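Subject: Structure handover

Hi,

Here is the structure I promised to pass on to you. Please open it alongside this email, and my notes on it follow just below.

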Amino acid sequence: MKARKSWAMAYCGMADALSVALMLLGAVFPIAMFIAPAVASFLIATVCVECGKTMALTAYGAVSLLSLLFVPDKEVALIFVFLLGYYPLAKPYFERIRPALLRAVCKLLLCNGAVLAMYGLVLLLVPAGSISQELRTTALAMSLLTLSMGNVAFALYDRALCNLLLLYKLKWQPKLHKMLGTH
């Protein structure tokens, strides 16, 4: 039992370290701005599979804190903190919702609420200042378009997370345990 606990702690620590490293890469390479938090969230999901929800929540908290402290691009860290970091832990609850259309609406409500809260906080902390009415109208239209594209990206992320977790459980997890001599 004690060996299993130390293995879980080590796995959680390694997943955390790799997640923070990915978040740092997301700040360095602009194309990875949304990819890095998504991959880091998959690592949190594997911690949940291997070590349980409590360890996964601890991992989420640690990666969130370290990302906010050390990742220079705070938007990358905030995307993880406000949405993608905890979503794999909330996803099983969403999957219980029937019918499928209601489930999809609830997931998108979470996504939109988290994104609006995140950018609301950013605008509260860093006010945009006075901008012309024409620019405000354009900014609103672009914001709505960006939010719409974000909804599509989130739906794709949700599906990819399902597929990656299935692949992990069927292919990678048995190999990992065989390699480590556990289970």
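By class, the residues lining the largest pocket are 30 nonpolar, six polar and one charged. In that count, Ala, Val, Leu, Ile, Met, Phe, Trp, Tyr, Cys and Pro are nonpolar, Asp, Glu, Lys and Arg are charged, and the others, Gly among them, are polar. The volume of this pocket is about 1100 Å³. A pocket here is an open set of points on a 1 Å grid over the protein atoms alone, where a 1.4 Å probe fits and protein lies on both sides within 12 Å along at least five of seven lines; lining residues have an atom within 4 Å of a point. Points are joined across faces, edges and corners, and the volume is the space filled by probe spheres set on them.

Before going further, please keep in mind that this is a predicted model: local features need pLDDT of at least 70, and side-chain atom pairs count only at pLDDT 80 or more, while totals for chains, interfaces and linings use all residues. Residues are numbered from 1 along each chain as its sequence is written, and side-chain values use heavy atoms, with hydrogens and water left out.

Back to the largest pocket: 37 residues line it, and Phe-34, Val-115, Tyr-119, Thr-146 and Gly-150 are the closest to its centre. Helices H2 (35-51), H4, H6 (100-125) and H7 each give two or more residues to the lining, and H7 has the largest share with 15 residues.

The second largest pocket has a volume of about 200 Å³. Its lining includes Ala-45, Cys-48, Pro-88, Lys-91, Glu-95, Cys-162 and Lys-169. H2, H5 and H7 are the elements that give two or more residues to this lining, which divides into eight nonpolar, no polar and three charged residues.

As for the fold, the chain has seven helices and zero strands (DSSP runs numbered from the N terminus: helices are H or I with at least four residues, strands are E with at least two). Of the 183 residues, 36% count as buried, meaning under 20% relative accessible area, with exposed over 50% and partly exposed in between (1.4 Å probe, protein chains only). The C-alpha atoms fill a box of roughly 65 × 40 × 25 Å along the principal axes.

The structure holds nine aromatic pairs; rings of Phe, Tyr and Trp (its six-membered ring) pair if their centres lie within 6.5 Å, and planes under 30 degrees apart count as stacked, over 60 as edge-to-face and the rest as tilted. Tyr-60 and Tyr-86 are edge-to-face because their ring centres are 6.0 Å apart and their planes stand at 80°. Tyr-60 sits in helix H3 (residues 53-70) and Tyr-86 in the loop between H4 (74-84) and H5 (87-95), so this pair ties together parts 26 residues apart in sequence. Tyr-60 is buried at 16% relative accessibility, whereas Tyr-86 is partly exposed at 22%.

Another edge-to-face pair is Tyr-87 with Phe-154, at 4.9 Å centre to centre and 70° between the planes. Tyr-87 lies in H5 and Phe-154 in H7 (residues 133-180), 67 residues apart. Tyr-87 is buried at 0%, and Phe-154 is buried at 5%. Together with Phe-94 and Tyr-157, these two residues form one aromatic cluster.

Best wishes
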